[in-house]
Amino acid sequence: MSEFQHPRPFDAAEDLAASHNGPILSTSFLSIDNLFMNFLEEHRVPGLVWGLVDGGGLIHHGAYGVSESASTHGLSKDSVFRIASMTKSFTALCVLLLRDQHKLSLDDPIGDWITELRFDPQLDQIETPITIRHLLSMSSGLVEDDPWADRQLALSPEVFQAMLSNGIGLDLRPSTAFEYSNLGYAMLGLIATRAAGVSLADMAAENIFSPLAMASTTWDLQTMDSDRLVAGHSLCDNQWVLEPSLSDGAFGPMGGLGSTIEDLARWVTLHLNAWSEQTPRASLAIRPSTLREMADIHRVMAHPRMTDPDITAQGYGYGLMIAHHRRLGRIVGHSGGLPGFGSRMEWLPDYGVGLVALANRTYAPLSDVVRRGLEYLVEQGFVTTPTREPSQDLQRIYLAVNASYQDPENYQSIRDVALATYLLDRDDDRRPPNFTTLRDHYGRLLSVGPIIATGKLRGSWTLDCEHGSFTVHAMLGPTLPHKLQFLQIVKDSRSEVG
């Protein structure tokens with residue numbers, strides 16, 4: 001126990017952006033560092049490590065403060081923190097890998113795998129059996145249990161199974177709403193162990209940690225060099241109190257992993273690359289589609305705790321939280337909190353960038369500062385959405401539309417590439433554009449911008465003319481050969497014409 005003092009040791013990574021061919025400029029690193037150092041001072045955290053990640057890996061990191069409040073031992077990218085509920089994403093992937101190997105189905109009732117499981121006899125009949133999918137997506141009906149479950153990490157398998165056979169209760173009907181359950185993920189760990197025939201730790205090591213070279217990620221912290229282990233702290237009456245390190249046990253699948261910024265950067269990179277059309281996938285037995293499946297909303301949060309007005313939807317995937325943001329696009333991540341630790345990882349698949357932060361104070365609220373860091377990178381233009389190569393079908397429409405503008409009398413070029421339904425729309429908002437009227441309005445064509453493809457069958461481009469500019473939005477039909485289904489003209493707000 002020691003009196004609170006502001007820690008000072010600081011370690012920052014060299015500029016690695018060039019070596020990763022990433023879009024993030026080193027001039028942004030200082031601003032990110034300042035965000036986290038200000039957070040540490042404001043929230044009185046003994047130590048904090050953060051890392052900036054792109055599709056090539058860890059491109060920058062910072063470490064500020066101390067590993068243990070009574071010492072001057074600093075932190076680095078190799079410092080091992082408890083990552084708490086960020087563990088759930090690893091457990092979820094193990095379950096999905098077993099699904100991909102046909103060793104279980106997500107729609108299996110959990111009673112098929114946990115035969116000793118009993119429910120509160122006072123419950124009304126459960127008309128919808130709880131399935132593995134319900135546990136993964138936090139829609140099982142189990143009650144939120146953070147205050148209780150955080151102290152259960154070291155529970156032995158025998159005591160855990162006895163707890164299940166003694167009976168559990170439900171707060172809600174299964175499959176009706178989101179409710180965060182750590183017990184559910186402890187049960188998933190038991191199911192995965194029984195389906196795989198090996199421990200969850202062994203399965204994760206073979207399929208995730210070893211292939212990704214995550215050598216410092218483990219449920220068994222006793223195997224780590226003690227000099228690298230970070231001590232957990234709580235602040236009580238203005239004094240630091242060391243939290244005891246709980247051993248690995250039956251609740252480990254919900255929050256027991258220890259890891260480093262460097263290892264977690266590899267984890268985030270794996271997920272970012274699953275969304276990229278430009279980055280070759282790693283030679284892992286993990287389907288990119290499985291990783292993307294984790295980052296879909298499988299249970300919507302009816303009353304999310306986020307107050308950001310730019311969030312249009314929020315929910316839980318499989319071991320990950322997902323939000324949709326007006327400017328940032330899809331946001332994927334998870335927080336972690338245990339007595340002594342707080343953590344957050346978050347990435348933007350649309351921009352190919354992520355941030356991870358680990359702190360050694362109980363429930364350190366890192367979500368907001370991580371989000372601010374990502375918002376800063378996007379708002380300042382340090383990251384942009386990657387371009388998509390336009391399909392040959394889009395290019396054919398592009399040439400035909402541009403030709404029709406240059407020679408409005410030759411409407412045949414559009415007819416040749418359009419569906420029969422294209423000319424049937426009569427409503428003012430959907431009527432096909434009249435190229436003669438457009439040409440009279442905007443004048444001679446000066447230049448044409450490249451196609452901005454939003455899919456294989458959708459795209460837009462801009463025509464700059466002597467009296468202003470306009471953007472063409474094209475959508476092709478679903479049947480082969482792909483032809484033009486819909487065309488929309490949007491005036492540039494800076495155009496000289498009305």
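Colleague: Why does Ser28 count as buried?

Modeller: The model is a predicted one, and in it the relative accessibility of Ser28 is 0%. Buried means under 20% relative accessible area, so Ser28 counts as buried. Ser28 sits in the loop between strand S2 (10-12) and H1, and, leaving aside residues up to four places away in sequence, Ser28 touches Tyr376, Leu377 and Phe382.

Colleague: What makes H1 and H11 roughly antiparallel to each other?

Modeller: Helix H1 (residues 29-43) packs with H11 at an angle of about 160°, the two axes being 10 Å apart. Angles over 145 degrees count as roughly antiparallel, and H1 and H11 are therefore described in that way. Their crossing is right-handed. From H1 the contact takes Ser31, Ile32, Leu35, Phe36 and Phe39, which meet Val369, Val370, Arg372, Gly373, Tyr376 and Leu377 of H11. Sorted by class, the contact of H1 with H11 has eight nonpolar, two polar and one charged residues.

Colleague: Why is H5 called roughly perpendicular to H6?

Modeller: The angle between helix H5 (residues 157-166) and helix H6 (residues 182-196) is about 115°, and their axes lie 12 Å apart. The range for roughly perpendicular is 65 to 115 degrees, so H5 is placed in that class relative to H6, with an angle of about 115°. H5 passes H6 in a left-handed crossing, and the contact is made by Phe160, Gln161 and Leu164 of H5 together with Leu183, Ala186, Met187, Leu190 and Arg194 of H6. These residues divide into six nonpolar, one polar and one charged.

Colleague: What makes H2 roughly perpendicular to H7?

Modeller: The axes of helix H2 (residues 87-100) and helix H7 (residues 200-209) come within 10 Å and cross at roughly 85°. With 65 to 115 degrees as the range, that angle makes H2 roughly perpendicular to H7. In this contact Phe90, Thr91, Leu93, Cys94, Leu97 and Leu98 of H2 meet Leu200, Met203, Ala204, Asn207, Ile208 and Phe209 of H7, and by class there are ten nonpolar, two polar and no charged residues.

Colleague: Turning to the charged pairs, what makes Arg371 and Glu346 a salt bridge?

Modeller: Their side chains meet at 2.5 Å, N to O, and the cut-off for a salt bridge is 4 Å between a side-chain nitrogen of Lys or Arg and a carboxyl oxygen of Asp or Glu; the pair therefore qualifies.

Colleague: Why is Arg330 called buried and Asp296 partly exposed?

Modeller: Arg330 has a relative accessible area of 16%, and buried means under 20%, so Arg330 is buried. Asp296 has 32%, which falls between that limit and the 50% above which a residue is exposed, so Asp296 is partly exposed. Arg330 and Asp296 form a salt bridge whose closest N and O atoms are 3.2 Å apart. Arg330 belongs to strand S12 (residues 329-338) and Asp296 to the loop between helix H10 (288-294) and strand S9 (299-300), so the pair ties together parts that are 34 residues apart in sequence.

Colleague: How do you know that Arg151 is exposed?

Modeller: Its relative accessible area is 51%, and exposed means over 50%, so Arg151 counts as exposed. Glu243 forms a salt bridge with Arg151, the closest N and O atoms being 3.9 Å apart, where the limit is 4 Å. The pair links distant parts of the chain, 92 residues apart, with Glu243 in the loop between strand S7 (239-242) and helix H8 (252-255) and Arg151 in the loop between helix H4 (146-149) and H5.

Colleague: How many salt bridges does the structure hold, and how much of the chain is buried?

Modeller: The structure holds 15 salt bridges, and buried residues make up 52% of the 498 residues in the chain.

Note on methods. Residues numbered from 1 in each chain as written. Predicted model: local features only at pLDDT ≥ 70, side-chain atom pairs only at ≥ 80, totals over all residues. Heavy atoms only, no water. Axes fitted to C-alpha atoms, helices over the stretch in contact; angles between N-to-C directions. Helix = DSSP H or I, 4+ residues; strand = E, 2+ residues; numbered from the N terminus. Parallel < 35°, antiparallel > 145°, perpendicular 65-115°, else oblique. Left-handed = near helix turned anticlockwise from the far one by under 90°. Contact = heavy atoms within 4.5 Å. Nonpolar A, V, L, I, M, F, W, Y, C, P; charged D, E, K, R; others polar. Buried < 20%, exposed > 50% of the residue type's maximum accessible area, 1.4 Å probe, protein only.
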